[in-house]
Amino acid sequence: TGQPKGVQLPYRSYVTNRATFQKLLDIRPEDRFAALIVNPMHHTNSTAITDWALRRPGSHLHLVERYSTPYWRILSDLACQGYDRIVAPTVSRHFDFLAELHETGRLPVPMDILGPAMGKVDFLIGSAPVGPTTVRRLQEFAGRIPTVRFGSTETCLQVTGIPRQLDEAQRLGCFERGWNHAWQGEPTCGYYIGRPTPPFTECRIVRSITAGEAGFLVDQQEGQPGYLITRGDNVMSGYVGNPAATAAVLPQGWYTGLRDVAFRLRNPEDREWDYYWMSRDSALLIRGGANYAYDQINRELADFVVDHYGLDPVAFDLAVVGLRLQSEHEDTCCVTLELKDGVPGTVRDHIAASFVETARKQVSKGAKPDLLLLAPVLRNFKGAILVPELKKQFQDGMVE
């Protein structure tokens with residue numbers, strides 16, 4: 001969020017997290033089990049899995065100080081040591097680096113050795129969306145569909161994940177349903193993050209997480225975007241020294257602080273709920289009684305800028321926010337567009353004069369812009385859009 005808070009995670013949170021992973025990944029007591037951890041003890045992602053391995057009799061824990069090229073050699077060596085199960089927490093970016101190493105001939109292990117080794121590893125991918133590119137790379141390199149997990153520090157790492165009982169074809173089908181999803185006729189792409197793990201974690205998709213607002217903790221329909229909320233013994237006991245902030249994010253026992261926009265779909269085979277992530281550190285833009293994720297609109301308008309104005313994607317940055325400027329019930333779609341150095345002044349002037357009118361004629365209903373501000377897109381050190389700061393900058397820019 002850019003504003004870290006100290007989080008109290010009691011022993012019950014870690015106990016619940018361990019039980020969740022045991023069930024999600026179907027790790028048996030007799031399995032010879034190993035975990036390969038990058039950045040050990042730096043954050044909840046690593047401490048929760050490290051705690052799991054340390055408390056599980058017979059587990060082998062392999063710690064790597066930081067991700068670098070030799071990681072793939074270490075992983076390949078582990079796969080040859082006779083383990084029944086190997087779990088390696090990763091992020092999608094690791095596989096981007098792997099593809100680059102492969103393409104430039106810098107792999108530390110030949111692919112005919114590394115590929116089969118990767119096929120023996122459960123890559124537990126979190127922290128960022130797992131889209132078609134990452135899925136394709138795992139299929140190419142490891143011959144498997146990845147295992148995705150989703151959660152946060154406040155939930156002791158784990159909220160949802162792809163259960164092991166789903167086979168490769170079923171997993172791919174789940175991913176594809178999210179990529180191809182539409183709500184009320186509008187494309188609404190979602191990234192599969194699996195399912196809650198009963199009885200340990202429970203989830204809902206609700207219209208609002210703001211107390212006193214219409215739709216507060218009211219469930220959305222199947223496929224309708226909303227806010228993901230969760231509860232379970234994995235959830236924190238509170239923020240350190242901040243009871244007001246704790247109470248604000250735990251109404252009726254539900255943790256509402258994720259602030260992730262998502263939707264859920266019934267799986268056509270087993271009728272369980274599958275959950276799909278749309279945006280993080282973001283929010284919904286409300287118009288016409290429907291909700292649209294900022295990230296969904298960002299992608300569509302960025303594609304419009306590339307196609308209509310011929311700009312390279314690296315030549316600009318774009319982000320939308322919703323502001324109640326013209327109605328107390330609906331959001332005005334406010335677009336901040338940052339044009340990088342090198343974009344000619346004539347192009348800048350053309351975009352400033354024509355963007356809103358032209359885009360409204362060509363993009364989908366949910367992405368139609370109302371106002372444009374040419375200004376920097378404010379992001380934190382992780383690259384996430386700073387939504388409150390962007391809203392303030394837009395309002396200040398309008399005053400000027």
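Me: Leaving aside its neighbours within four places in sequence, which residues is Phe-200 in contact with?
Reply: Happy to start there, keeping in mind that this is a predicted model. Phe-200 is found in the loop between strand 10 and strand 11. Once neighbours within four places in sequence are set aside, the contacts of Phe-200 are Thr-16, Ala-19, Thr-20, Lys-23, Arg-231, Gly-232, Asp-233 and Asn-234.

Me: How far apart are the C-alpha atoms of Phe-200 and Thr-16?
Reply: Thr-16 is one of the residues in contact with Phe-200. Along the chain the two are 184 residues apart, while their C-alpha atoms are separated by 6.4 Å.

Me: Is Phe-200 buried or exposed, or in between?
Reply: Buried would need a relative accessible area under 20%, and exposed one over 50%. Phe-200 has 23%, so the label is partly exposed.

Me: At what angle do helix 1 and helix 2 pack, and how are they described relative to each other?
Reply: Two packed helices are described by the angle between their axes and the distance between the axes. For helix 1 (residues 11–24) and helix 2 (residues 44–55), the axes are 9 Å apart and the angle is about 75°. Angles of 65 to 115 degrees count as roughly perpendicular, so helix 1 and helix 2 are roughly perpendicular to each other.

Me: How do the residues of the contact of helix 1 with helix 2 divide by class?
Reply: From helix 1 come Tyr-14, Asn-17, Arg-18, Phe-21 and Gln-22, which meet Thr-47, Ala-48, Ile-49, Asp-51, Trp-52 and Arg-55 in helix 2. The contact divides into five nonpolar, three polar and three charged residues.

Me: Why is helix 4 oblique to helix 6, and in which hand do they cross?
Reply: Helix 4 (residues 92–103) and helix 6 (residues 132–142) have axes 10 Å apart and pack at about 55°. That angle makes helix 4 oblique to helix 6. As for the hand, helix 4 passes helix 6 in a crossing that is left-handed.

Me: Which residues in helix 6 do those of helix 4 meet?
Reply: On the helix 4 side there are Ser-92, Phe-95, Asp-96, Leu-98, Ala-99 and His-102. Their partners in helix 6 are Thr-134, Arg-137, Leu-138 and Phe-141.

Me: How many aromatic pairs does the structure hold, and why is the pair of Tyr-191 and Trp-277 tilted?
Reply: The structure holds 16 aromatic pairs. In the pair of Tyr-191 and Trp-277, the ring centres lie 6.3 Å apart and the planes meet at 50°, so this pair is tilted.

Me: How many residues apart in sequence are the parts that the pair of Tyr-191 and Trp-277 ties together?
Reply: Tyr-191 is buried, at 14% relative accessible area, and Trp-277 is buried too, at 8%. Tyr-191 lies in strand 10 and Trp-277 in strand 15, so the pair ties together parts 86 residues apart.

Me: Is Val-335 buried or exposed?
Reply: Val-335 has its place in strand 19. Its contacts beyond four places in sequence include Leu-301, Val-320, Phe-355 and Phe-394. With a relative accessible area of 0%, Val-335 is buried.

Technical notes: Residues are numbered from 1 along each chain as its sequence is written. This is a predicted model: local features need pLDDT of at least 70, side-chain atom pairs count only at pLDDT 80 or more; totals for chains, interfaces and linings use all residues. Side-chain values use heavy atoms; hydrogens and water are left out. Axes are lines fitted to C-alpha atoms, for helices over the stretch in contact, and angles run from 0 to 180 degrees between N-to-C directions. Helices (H or I, at least four residues) and strands (E, at least two) are DSSP runs, numbered from the N terminus. Angles under 35 degrees count as roughly parallel, over 145 as roughly antiparallel, 65 to 115 as roughly perpendicular and the rest as oblique. A crossing is left-handed if the near helix is turned anticlockwise from the far one by less than a right angle, and right-handed if clockwise. Contact means heavy atoms within 4.5 Å. Rings of Phe, Tyr and Trp (its six-membered ring) pair if their centres lie within 6.5 Å; planes under 30 degrees apart count as stacked, over 60 as edge-to-face and the rest as tilted. Buried means under 20% relative accessible area, exposed over 50%, partly exposed in between (1.4 Å probe, protein chains only). Ala, Val, Leu, Ile, Met, Phe, Trp, Tyr, Cys and Pro count as nonpolar, Asp, Glu, Lys and Arg as charged, and the others, Gly among them, as polar.
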